[in-house]
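Welcome! Please take a moment with the model below, and then let us walk through it together.

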Amino acid sequence: MEVAIVNYEAGNLRSVETALRRLGYEYRIATRPEEVLRADKVLFPGVGDARAVMEVLERSGVAAALRERHAAGDPILGICVGAQVVLERSEENSASCLGLVPGTARRLPGGEGLKVPHMGWNQVRYRADHWLFAGIPQDTSFYFVHSYYPDPADRSTVLAETEYGVRFASGLECDNLTAVQFHPEKSGEFGLRLLSNFLAH
Amino acid sequence: MLEKRIVVCLDVRDGKTTKGVKFKGNVDVGDPVEMARRYYEEGADELVFYDITASAERRGIMREVVERVAAEIFVPFCVGGGIASVEDMRAMLLAGAEKVSVNTQAVLNPEIIDQGAKAFGNQCVVLGVDALRDEAMPSGYRVVIHGGRTVTQRDLLDWVREAEQRGVGEVVLNSIDADGTRDGYELTCTRLVSENVSVPVVASGGAGVSRHLIEVLRDGRADAALIASMVHFGGYTIPQIKADLAAAGIPVRRRIGPDTG
């Protein structure tokens, strides 16, 4: 099986790579659309500014490749900013995004005692018996670092939720696309399990 | 609810972990990669490696340590010590670190914060700051650099606010007065900084018993507590510390893998 890790210059992919190596999967860093198109599974990780990410994806043709894979019902896992730019738009620099899932990425409200970025381990409540969370107890903590969160328009695409001033969608599912706002590659043994669930599904 | 993080700190000199008291008299305590793995397996929420190597070969040695750590531990870790340029930051991030920490170099050349934040994002750039109690300063604390050996004219709060404006995503606040004493964190100082910045604050320096962490996370308003001696040779394990914190009502991550159910 060939796994593509989408690279859009801004993100540090090392931790996703080492996680895949630990799990024993072959992978390829994909910077061109054809590499995204031929992979069996697509991992779409990320940090960085949504608008900058989208500019690179559109310019390289990778955005079109991701839309094509999604329309064909192929397996994609978005991570962090990868879970925001799958939406239609982001409040971060008013970015136009991939539009794979209806909705908007919004700025975390913060507030008394709630610092932004939301950085650290927080609990994730997922849709019961979902394959992505197989073997992971309900309300397990995962590692988050983000200032924006996915706000999908359609409740049926909410796969998991987390509380931080707002209760937000920390997981999304739309057809064969799944996406998580946290970093499974930095969330210890349960994070590795989630990645392994995606790759084995 | 966001949990309070327990951050384990390893000072690395010539590829070996050391621990000093008030920045002096360091003794070797072990192999950093082996120690990192043990703390990861015990449930450390994050790790920090400070390179205190003085030699010119420092960068190569540290890079190798970071690469080996990255291959084995799957929680975030930060690397600091001797980071003087965006290229130094890039080398550590590419070797597998999530964050880099700047301290002395940022005081001498604050632009490095702006440059790092622009190149890698705010979440990658951590401000390490060493504070010395000094009634003559407006906030009551003075910034010191070079591992505590050089005093500056900077006021602690003034500097931390500037660093936040410039783009640091987190502050690791180390009290020189408390460092290595195991008498407890500097609570007043920690609370002062935590209440005056909007980024997370990691309290550092002085942890000896679980009660110290409880105090700094609750009364000191810290988002995370950094420990070293307690687990390197203080007889504590991370599960034990977390059990004590949980008993005091502080939210911590205790379910860390399939065996802990």
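Accessible areas here come from the Shrake-Rupley method with a 1.4 Å probe. On that basis, chain B exposes about 10,000 Å², and carbon and sulfur atoms supply 48% of that area. Chain A exposes about 7,400 Å², with carbon and sulfur atoms supplying 43% of it. Please keep in mind that this is a predicted model.

**The two chains**

Let us begin with the make-up of each chain. Chain A holds 6 helices and 14 strands. Its radius of gyration is 15 Å, close to the 17 Å that the globule rule gives for 201 residues, so chain A is as compact as a globular protein of that length. Chain B has 10 helices and 12 strands. For its 261 residues, a compact globule would have a radius of gyration near 18 Å, and the 17 Å of chain B agrees with this.

Here are some further values for the chains.

| Chain | Span of the C-alpha trace along the principal axes | Buried residues |
|---|---|---|
| Chain A | about 45 × 40 × 30 Å | 60% of 201 residues |
| Chain B | about 50 × 40 × 35 Å | 60% of 261 residues |

Contacts across the sequence come next. Taking the contacts in chain A with a separation of 6 or more, 68% are between residues 24 or more positions apart. In chain B, residues 24 or more positions apart account for 64% of the contacts with a separation of 6 or more.

How far apart are the mean positions of the positive and negative charges of chain A? For its 21 positive and 26 negative charges, the mean positions are 3 Å apart. In chain B, the mean positions of the 31 positive and 38 negative charges are 1 Å apart.

**A helix in chain A**

Helix H3 of chain A covers residues 50-60, and its buried residues include Ala50(A), Val53(A), Met54(A), Val56(A) and Leu57(A). These five lie on the same side of H3(A), because they cover an arc of only 165° around the axis. An α-helix has 3.6 residues a turn, so residues three or four places apart point the same way. Among the elements that cover the buried residues of H3(A) are strand E1 (3-6), strand E3 (41-44), helix H4 (62-71) and helix H5 (81-84) of chain A.

**An arginine in chain B**

Is Arg149(B) buried or exposed? At 69% relative accessibility, Arg149(B) counts as exposed, because the cut-off is over 50%. Arg149(B) sits in the loop between strand E8 (141-145) and strand E9 (150-155) of chain B. From Arg149(B) to Arg253(B) is 104 residues in sequence and 37 Å in space, C-alpha to C-alpha.

How values were computed: Residues are numbered from 1 along each chain as its sequence is written. Chains are lettered from A and ligands numbered from 1 in the order in which they are written. This is a predicted model: local features need pLDDT of at least 70, side-chain atom pairs count only at pLDDT 80 or more; totals for chains, interfaces and linings use all residues. Side-chain values use heavy atoms; hydrogens and water are left out. Helices (H or I, at least four residues) and strands (E, at least two) are DSSP runs, numbered from the N terminus. The radius of gyration is taken over C-alpha atoms; the globule rule is 2.2 Å times the number of residues to the power 0.38. Buried means under 20% relative accessible area, exposed over 50%, partly exposed in between (1.4 Å probe, protein chains only). Contact means heavy atoms within 4.5 Å. Lys and Arg count as positive and Asp and Glu as negative; His and the chain ends are not counted. The place of a charge is taken as NZ of Lys, CZ of Arg, CG of Asp or CD of Glu. The arc is that of the directions from the helix axis to the C-beta atoms.
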